[in-house]
Amino acid sequence: MMLSTEYREYVERRFHAFCKAVLHNEVCNYYRERKRRTQHEISFEYLQENTSFAPHSMDEYFVLQYKPTNFVVNGQTVIVDSEKLAKALLCLSERWRDIILLRYYLQLRDKQIAALLGKPRTTINYQKNAALKQLRTEMEKMNDEE
């Protein structure tokens, strides 16, 4: 279907008019939103000039949680930041605690832990899973006590 050049020019003019209308409306929306924000927002410079304290906040979670505990495993010192986790680890037997610390803090595989402790890999895997289960129960007890 062939369109005449006059009709094509008509369609182009209509399209250009449509694009201009869309852009005009977007600009209006932008300025309206900017005006609304400036009416409701206060700059930080204004806050700092008119208050005696600097605006900041401290997350209480990290302040309360950071009481590091040191554990010595295989001649290496492992630092556990969370007080709750350290208490729960102290509830485990020494062998299970060593396995957990070797696996998750020193990033050793079960095979490497088995070689260090002189046990089969399957035994280490079983003890690791049992230690994790007991660790979970200890952590749940601590959460219930709070």
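This is a predicted model: local features need pLDDT of at least 70, side-chain atom pairs count only at pLDDT 80 or more; totals for chains, interfaces and linings use all residues.
**Entry 1: K128**

I began with the surroundings of K128: beyond its neighbours within four places in sequence, K128 is in contact with I99, I100, R103, Y104 and D110.

I then looked up where K128 sits, and found K128 in helix α7, which spans residues 121–145. Is K128 buried or exposed? I read a relative accessible area of 10% for K128, and since buried means under 20%, K128 counts as buried. I found that the side chains of D110 and K128 are joined by a polar contact of 3.4 Å.

**Entry 2: positive phi**

Next I went through backbone angles. Q107 is not a glycine, yet I noted a positive phi of about 60 degrees for Q107. I placed Q107 in the loop that runs between α5 (94–104) and α6 (110–117). Q107 has 57% relative accessibility, so I wrote Q107 down as exposed.

N74 gave me another entry of this kind: N74, also a residue other than glycine, has a positive phi, near 55 degrees. Where is N74 found? I located N74 in the loop between β1 (66–73) and β2 (76–82).

**Entry 3: helix α4**

Last, I turned to helix α4, residues 83–91, and marked A86, A88 and L89 as buried. Why do I put these three on the same side of α4? Because they cover an arc of only 165 degrees around the axis.

How values were computed: Residues are numbered from 1 along each chain as its sequence is written. Side-chain values use heavy atoms; hydrogens and water are left out. Helices (H or I, at least four residues) and strands (E, at least two) are DSSP runs, numbered from the N terminus. Buried means under 20% relative accessible area, exposed over 50%, partly exposed in between (1.4 Å probe, protein chains only). A polar contact is a pair of N or O atoms within 3.5 Å; within protein, one must be able to donate a hydrogen and the other to accept it, and residues adjacent in sequence count only if both atoms are side-chain atoms. Contact means heavy atoms within 4.5 Å. The arc is that of the directions from the helix axis to the C-beta atoms.
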